[in-house]
Amino acid sequence: MSALKKVLPLFSYIYHPIFISIYGTLFYFLVSPSYDYIPLNRIYLILIQVVILTLLLPLSLYFLFVSLGVISSFTEASLKERRIPITIQAFLLFFLLKFSVSLDELPELYYFFLGAFLSSLLALTSVLLKFKASLHMIGISSLATFIYGLATLYELPLANSVALSIICIGLVASSRLYMKSHTNIELLVGLLIGILSQMSLWYFWL
């Protein structure tokens with residue numbers, strides 16, 4: 001048990017919200033039949049755009065904000081420190097939807113990012129209401145819901161992937177509690193935001 005507690009903080013880094021978009025995109029291209037109709041160079045281009053807009057650019061801005069004293073921690077941002085990063089995240093996701101991921105070309109991936117955009121707006125709303133919903137739980141639950149949706153859509157034997165994603169939800173929640181980053185209610189609200197923001201769009205693609 002003590003060994004597990006030492007490992008738990010790693011899940012806050014592995015499943016940091018900044019990585020979720022990349023995980024979802026990679027999983028989508030691994031299991032979807034997109035290779036049948038999308039040129040490989042186009043897939044690489046989309047992956048590069050996702051990496052730049054959801055990882056490299058946010059990381060660059062993070063280090064800028066740290067140097068300016070706007071943010072103090074990669075995983076432990078306070079309520080006040082969350083406003084600018086979440087706003088930027090929402091803007092970058094909107095930019096990704098507008099110019100990179102096409103609804104006609106990649107509908108499932110488009111709605112995954114649209115769900116992420118909606119969850120960003122909900123997370124920002126919670127901050128404005130002075131409530132610290134768990135961004136980690138929003139991210140991992142969004143990914144798990146997307147994986148389940150893809151498994152259902154393509155009728156693929158992805159029971160292990162779905163089960164693993166559910167286990168990861170529990171590990172991330174345990175990690176956040178162990179690090180004393182969130183209360184149970186903050187984790188629960190984050191979980192609901194992540195799941196519902198994805199499920200609300202299932203009508204359009206599932």
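Here's a short chat about a predicted model, starting with its core and moving out to its surface.

Student: Which residues touch the most other members of the largest nonpolar core?

Tutor: That core has 50 residues. Elements giving two or more residues to it include α1, α3 and α9. The ones that touch the most other members are F29, L106, L109, F113 and I140.

Student: What does I140 touch, leaving out residues up to four places away in sequence?

Tutor: I140 is one of the residues touching the most other core members. With those sequence neighbors not counted, its contacts are Y15, I20, C168, I169 and V172.

Student: How far apart are the end C-alpha atoms of α6, and what span should we expect?

Tutor: Take the 20 residues of α6 at 1.5 Å a residue, and the helix should span 28 Å. The model agrees with that, because the end C-alpha atoms are 29 Å apart.

Student: Is α6 mostly covered or mostly uncovered, and which residue just after it has a positive phi?

Tutor: In α6, 15 of the 20 residues are buried, so the helix is mostly covered. Just after α6, the phi is positive, at about 50°, for E155.

Technical notes. Residues are numbered from 1 along each chain as its sequence is written. This is a predicted model: local features need pLDDT of at least 70, side-chain atom pairs count only at pLDDT 80 or more; totals for chains, interfaces and linings use all residues. Side-chain values use heavy atoms; hydrogens and water are left out. A nonpolar core is a set of buried Ala, Val, Leu, Ile, Met, Phe, Trp, Tyr and Cys residues joined through side-chain atoms within 4.5 Å. Buried means under 20% relative accessible area, exposed over 50%, partly exposed in between (1.4 Å probe, protein chains only). Helices (H or I, at least four residues) and strands (E, at least two) are DSSP runs, numbered from the N terminus. Contact means heavy atoms within 4.5 Å. The expected span of a helix is 1.5 Å times one less than its number of residues.
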